[in-house]
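Hi,

Here is the structure I promised to pass on. Have a look at it first, then read my notes below.

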Amino acid sequence: MSKSFYVTTPIYYPSGKFHIGTAYTTVLADALKRYKTLRGYDSYMLTGTDEHGQKIQEVAKKNNMEPQEYVDKMADYAKKLWKTMDINYDDFIRTTEPRHEIQVQKIFDRLMDQGDIYKGEYEGWYCVPCETYFTQTQLIDGKCPDCGREVRLMKEESYFFNMKKYVPRLLKYYDEHPDFIKPNYRKTEMINNFIKPGLEDLCVSRTTFDWGIKVLKDPKHVVYVWLDALTNYITALGYGTENDELFKKFWPASLQIVGKDIARFHLIYWPIFLMALGIPLPDQILVHNWFMMKDGKMSKSKGNIIYPETLINRYGLDATKYYLLRELPVSNDGVFSPESFVERYNVDLSNDLGNLLNRTVAMCNKYFDGKVPSYTGCVNTVDNDLEEFIKNAIGNFENKITELEIANSLQEIWTIISRLNKYIDETSPWILAKDENEKEKLESCIYHLIEGLRKVAILLNPFVTNTSKNMFKQLGITDSKLKQWDSIYTNENLEGTKVIEKGEPLFMRLDAEEEVEYIKNEMKK
Ligand code: MSP
């Protein structure tokens, strides 16, 4: 039986276009799904849109649309963007779909029946964009502590979820499952910032607006958008219905990916809701940092937003994905800058990788009419060193990606690329070619370069899939066995392989000044 891998992204608020920061979560989930698929897992990826709540109702109104009409349009936009970005999701859930709404109502009912949800009255400072209540002391300068915007004092009859009851169980679970939260410091943050100060019961219904899922037993209430939204991860799999094969197969999720701003909802409330429902918790939740700009958060008012389409249209999908995945460190925010984008493109992609492939293909054509020499082992210590280096780097790559350190795992691939470039300098094939007695060394050199690049193409496949395909094409690798992950650990005999006659640059070098200017102008639009 094959192993399964279920990965989820947050479902997005369709309140406007998605910028590169927002797109990051989904690009990452897609890359990890592709990686797991290559490693033989039966993988499934879920994404979608979070369509209820006061914020969406207000945005729709601003656009002179009915909420449903507005979210329909935005869900289409989201699907189109993911298509442009070649995101290989298996299901796209919308919280306005009956398959979701009906189950949310049942879940709410059940939690009420079992006494976890009770009726009370709520008064607090409400931030509409964040859909969150705050107490007076949580406000910063009288504004929302999360987004810095205005808050409103609101009072309403509400239903509450008894969070306090589950805190000891949650803490025990954290303790017994040290890999549940990645990176680990996010757990400490949750405990110190939210649990130790005393976790309040959560207000889980609203009466001040109606764009939401009605509480069956008390229809003047709509379900709080976070309780509604979080359950998407199971309703999409058919939880609670007769048609629950996917739930049986894929739950508990292997990996749930979320940005740092929504860590609290996923690391505290979500596990508690699942506990209350008697459903096992996901294996792992990854909290990633944010892409910032030099002058802070991306925002329309600052004129510093960069959309994925802008980069894709001019520099291609792979360069865009590579930049996003490579530039966000595990424990800090990443900073997007036009300069660093152009530099990554020119140095990593065009120069280090692109030129390496181009030179290798050209040499194979020049010295061997394009036919890849067979593997005859190592003919000197340089070959041994190279083989050893690649073997270790693959091990390092696998460790880093298992730890979900994506930028670092990409960096490991680049150590192989740099090592191959160095190998060309060390072996100087153009000198070997002048001496008939050095033929064996020349054959070994070209073989090792092609074989190294074949491995690089496999490693790159989950992240920059088109580039990987293009590399296989230029290297003349057609046999599917030679593209499989398992072939990465051995030196394959590439007999019969013929490289392309005229290699094409993978990434054309950019004029740095011109392109930095271009991106800056686009950001102002
Ligand atoms: N609707 C909620 C999620 C509900 S999940 C049950 C939501 N949506 S969102 O559209 O605001 O955010 C989607 C994702 O984008 C989140 O993971 C969020 O952290 C991420 N990001 C938003 N801005 C970002 C950056 N600048 N950088 C990286 N990720 C960012 O939250």
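The largest nonpolar core has 110 residues, and Trp-82, Phe-336 and Ile-413 have the most contacts inside it. A nonpolar core here is a set of buried Ala, Val, Leu, Ile, Met, Phe, Trp, Tyr and Cys residues joined through side-chain atoms within 4.5 Å. Buried means under 20% relative accessible area, exposed means over 50%, and partly exposed is in between (1.4 Å probe, protein chains only). Helix H17 (residues 439-460) gives this core its largest share, 12 residues. Helices (H or I, at least four residues) and strands (E, at least two) are DSSP runs, numbered from the N terminus.

Before going on: this is a predicted model, where local features need pLDDT of at least 70, side-chain atom pairs count only at pLDDT 80 or more, and totals for chains, interfaces and linings use all residues. Residues are numbered from 1 along each chain as its sequence is written, and side-chain values use heavy atoms, with hydrogens and water left out.

Back to Ile-413: leaving aside neighbours within four places in sequence, it is in contact (heavy atoms within 4.5 Å) with Phe-397, Val-456, Leu-459, Leu-460 and Phe-463.

Now for helix H5 (residues 167-176). Which of its residues are buried? They are Val-167, Leu-170, Tyr-173 and Tyr-174. Down the axis of H5, these fall within an arc of 125° (taken from the directions from the helix axis to the C-beta atoms), so they line one face of the helix. The face turned away from that buried side carries the exposed Pro-168, Lys-172 and Asp-175. Among the elements covering the buried residues of H5 are strand S7 (181-182), helix H6 (185-195) and helix H10 (263-277).

Next, a helix pair: the axes of H11 (residues 308-315) and H19 (residues 512-524) come within 11 Å and cross at roughly 150°. Axes are lines fitted to C-alpha atoms, for helices over the stretch in contact, and angles run from 0 to 180 degrees between N-to-C directions. H11 and H19 are therefore roughly antiparallel, a label used for angles over 145 degrees. Where they meet, Thr-310, Leu-311, Arg-314 and Tyr-315 in H11 face Glu-515, Tyr-518, Ile-519 and Glu-522 in H19.

Last, find Tyr-233 in helix H8 (residues 232-235). Tyr-233 is buried, with a relative accessible area of 2%. Not counting residues up to four places away in sequence, Tyr-233 touches several others, including Tyr-6, Leu-46, Trp-251 and Trp-270.

Cheers

How values were computed
Angles under 35 degrees count as roughly parallel, over 145 as roughly antiparallel, 65 to 115 as roughly perpendicular and the rest as oblique.
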